[in-house]
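Biologist: Please take me through one part of this model closely. I would like the aromatic side chains and what surrounds them.

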Amino acid sequence: TKVSDSILYGVASSGKMFKFNLLNDSVEVTKTFSVQEFDNGFNPHKQLLKKNDSLLIGFNAEGGYGQKGNQFVYNILTDSIKVMNHIDYANKGKDVISMTLASDGNIYGSMRLGGKYNGGVIFRINPLNNNFEKLYDLQRNTAGKLLEYDSLKFISTAKLGGNRFYGGIYKFDVESNTYALSVEIDSTDIM
């Protein structure tokens, strides 16, 4: 995640958040998520999203209340983590696929698991108050990364979606709260 012209932040699979300086190619570990800090969560999702010049939003897949992970805000200036939302498997989902900052200023994303059908959820986070809202319960194998192609209209690909599970392209409309298969990939389409 780019926070300035020369500084990037990221998360490694080892559970370490790092800062990379583009000017001198230096790397500095800023936070280590571990089981020892169970309430803060651990096993972070690889994507961080910039909330503003000093705050990054991220998710942990494990730990926290209920042991299903949490949403956190990392303060670059104070080098501190604040847990904002604990993940409730049925109502909020689990295992973030992606997050994107949309044209309305909110963060939209999808989770691979949990929700009413255990197929994941589409969610919205208001970055002003960190309110987490589940918008849609997904069916099995239909979750994918959301990309905004028009105002509050998203497109997503699912590698196992569709009626025959060869994959599909889905569209999600926030205003009508619909998530529908737009194009189904057929086995003859796969090379």
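Modeller: Four rings form one aromatic cluster: Tyr-136, Tyr-170, Phe-172 and Tyr-179. Keep in mind that this is a predicted model.

Start with Tyr-170 and Tyr-179. Their ring centres are 5.1 Å apart and their planes meet at 5°, so the pair is stacked. A stacked pair needs planes under 30 degrees apart. Tyr-170 is buried, at 6% relative accessibility. Tyr-179 is buried too, at 11%. The cut-off for buried is under 20%.

Now look at what Tyr-179 touches. Leave out its neighbours within four places in sequence. Its contacts then include the other cluster members Tyr-136, Tyr-170 and Phe-172. Ile-122, Leu-138, Thr-142, Ala-143 and Gly-144 are also in contact with Tyr-179.

Lys-159 is exposed, with a relative accessible area of 73%. Leaving out residues up to four places away in sequence, Lys-159 touches Phe-165, Tyr-166 and Gly-167. Its C-alpha atom is 8.0 Å from that of Gly-144, 15 residues apart along the chain.

Another loop to check is the one between β10 (107-113) and β11 (121-126), where Asn-118 lies. Asn-118 is not a glycine, yet its phi is positive, at about 60°. Asn-118 counts as partly exposed, at 29% relative accessibility.

Back to the rings. The whole structure holds 9 aromatic pairs. One of them joins Phe-33 and Phe-72, with 5.1 Å centre to centre and 45° between the planes, which makes it tilted. Phe-33 sits in the loop between β3 and β4 (42-44), while Phe-72 sits in strand β7 (residues 70-75), so the pair ties together parts that are 39 residues apart in sequence. Both Phe-33 and Phe-72 are buried. Phe-33 has a charged neighbour as well: Lys-31 lies over its face, 5.9 Å from the ring centre.

Three of them form an open, antiparallel sheet in the order β1-β2-β3. β1 (7-11) and β3 (26-32) stand at the edges with a single partner strand each, so one side of each has no neighbour in the sheet. From one strand to the next, the twist averages 25°. β1 pairs with β2 (residues 16-21) over 5 bridges. Within this pairing, Tyr-9 has Lys-19 of β2 as its bridge partner.

Two residues complete this region. Ser-6 is placed in the segment before β1. Ser-6 is buried, at 16% relative accessibility. Beyond its neighbours within four places, Ser-6 contacts Phe-20, Asn-21, Leu-22 and Leu-23. Asp-25 lies in the loop between β2 and β3. Asp-25 is exposed, with a relative accessible area of 59%. Its phi is near 55°, a positive value in a residue other than glycine.

How values were computed: Residues are numbered from 1 along each chain as its sequence is written. This is a predicted model: local features need pLDDT of at least 70, side-chain atom pairs count only at pLDDT 80 or more; totals for chains, interfaces and linings use all residues. Side-chain values use heavy atoms; hydrogens and water are left out. Contact means heavy atoms within 4.5 Å. Two strands pair if DSSP finds at least two bridges between them. Helices (H or I, at least four residues) and strands (E, at least two) are DSSP runs, numbered from the N terminus. Axes are lines fitted to C-alpha atoms, for helices over the stretch in contact, and angles run from 0 to 180 degrees between N-to-C directions. Buried means under 20% relative accessible area, exposed over 50%, partly exposed in between (1.4 Å probe, protein chains only). Rings of Phe, Tyr and Trp (its six-membered ring) pair if their centres lie within 6.5 Å; planes under 30 degrees apart count as stacked, over 60 as edge-to-face and the rest as tilted. A charge sits over a ring if NZ of Lys or CZ of Arg is within 6 Å of the ring centre and within 35 degrees of the ring normal.
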